[in-house]
Amino acid sequence: MKLFPDLEKLYTRERFTAREAQDRAEFIAWGPIVFQVSRLMIKFGILEMLRESDEGMTREEICQATGLSDYAVKCMTEASLCIGTILVDTETDRFTLSKTGWFLLNDHATRVNVDFNHDVNYEGWFRLEESFKENRPVGLEHFGNWPTVYEGLSELPSQVQKSWFGFDHFYSDSSFPEALEIIFKKHNTRSLYDVGGNTGKWALQCVNYDKDVEVTILDLPQQIQMMEENVKGKNGCERIKGFGIDLLDKNRNFPQRVGGIDAIWMSQFLDCFSMDEIVSILTRAKTAMTDSTRLYIMETLWDRQRFGTAAFCLTMTSLYFTAIANGNSKMYNTEDMEKCIHDAGLTIEQIYDGLGQGHSIIVCKLIN
Ligand SMILES: C[S@@+](CC[C@H](N)C(=O)[O-])C[C@H]1O[C@@H](n2cnc3c(N)ncnc32)[C@H](O)[C@@H]1O
């Protein structure tokens, strides 16, 4: 296994003292309730009040401000002390926010992950074991009877949709500014297929970045409908077209553009498929490519992260794919993605790293 240097340091030798390791093991054992009580400390506004208070707050003051019972506040504050999100002054019995509590409250990525895990994943993850054994997202049954989450996306309850899109957009949005520079400044792009273009966020940024570019979004028909509603009336929307297609259907080919297509863009798209499916999709993408076409794959490859926290979030996200999304895909590492690209008969021209929240862009072209 190849790992970026900082990850290699973390994952190749024991990191913890025995006491720390025991503590971590208990943290895992109590993980579900560590998560739920911490989420409620945010939801009830307790962490925020502690952040805003100069001297901290007593239990009575928290009860008064939240309307919660003394019992509820006692249980939550005692648990939060042990979790490490708050601190107490034993002289005054006043609680204050700890460093971990501060991150839980203020770190955007953490908040997005909390919402995603509660609204989208929490109940479905109970069925992770069945999902692994049956190679299908058994946890998705909690929401409906679709084969994958993507068919059901437009029908999910609004709070679930909000957290799903919040998670998806948070990661890709932060990389779009640097990605635009790569696609339009480093390469000459006038026409682009946005594969799995979802709500059209990236397409809108493209048509606004370059006044000549034309974008065709390839996505499931129900997504194309959502996308069309979303881009309607927005600047440059007349240069965005939709092409409804189920790319899991091996008989469905990429549209052919007269004169060829300059760029095929796949952002956070291939992680929605198994490796065999990726090879099939890339092989069909190849039929729309000419020698001057570049295929850009933007993914958060977990082995290319600088920080263990990022790799942790990504390998955990893989388990959302197992139990909720489709039962057979994951956040891939470079080795797996390279294998798919080569098996499809494409070659890698360059890899850009460190975009936004840890994205890489793999630039592929036809083999001459
Ligand atoms: C994780 S989202 C990525 C959205 C966007 N590209 C981004 O970077 O934020 C994956 C997209 O792939 C689409 N998708 C999933 N399965 C598909 C399939 N079988 N055929 C076509 N599109 C599919 C989904 O509808 C969704 O819009």
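Is Trp-202 buried or exposed? I started my notes with that one, keeping in mind that this is a predicted model. Trp-202 turns out to be buried, since its relative accessible area is 2% and the cut-off for buried is under 20%.

Next I looked for its ring partner. Phe-176 and Trp-202 make an aromatic pair, with 4.9 Å from centre to centre and 50° between the planes, so I wrote it down as tilted. Phe-176 counts as buried too, at 4% relative accessibility. I then checked where the two sit: Phe-176 is in helix α12 and Trp-202 in helix α13 (residues 201-209), so their pair ties together parts 26 residues apart in sequence.

I went through the whole structure for other aromatic pairs and got 13. One aromatic cluster is made up of Phe-116, Phe-167, Phe-170, Tyr-171, Tyr-320 and Phe-321.

Then I turned to the sheet. I found seven strands in an open sheet with mixed pairing, and I noted the order as β5-β4-β3-β6-β7-β9-β8. At the edges are β5 (240-244) and β8 (346-355), each pairing on one side only. From one strand to the next, the twist averages 20°.

I took a look at the β8 end. Strand β9 (residues 359-366) runs antiparallel to β8, and seven bridges join the two. Here I spotted Ile-351 standing opposite Ile-362 in β9.

Last, I came back to helix α12, which covers residues 176-186. Helix α12 lies across β3 (191-195), β6 (263-267), β7 (294-299), β8 and β9, and I noted an angle of about 140° to β8.

Terms used: Residues numbered from 1 in each chain as written. Predicted model: local features only at pLDDT ≥ 70, side-chain atom pairs only at ≥ 80, totals over all residues. Heavy atoms only, no water. Pairing = 2+ DSSP bridges. Helix = DSSP H or I, 4+ residues; strand = E, 2+ residues; numbered from the N terminus. Axes fitted to C-alpha atoms, helices over the stretch in contact; angles between N-to-C directions. Contact = heavy atoms within 4.5 Å. Phe/Tyr/Trp six-rings, centres within 6.5 Å; stacked < 30°, edge-to-face > 60°. Buried < 20%, exposed > 50% of the residue type's maximum accessible area, 1.4 Å probe, protein only.
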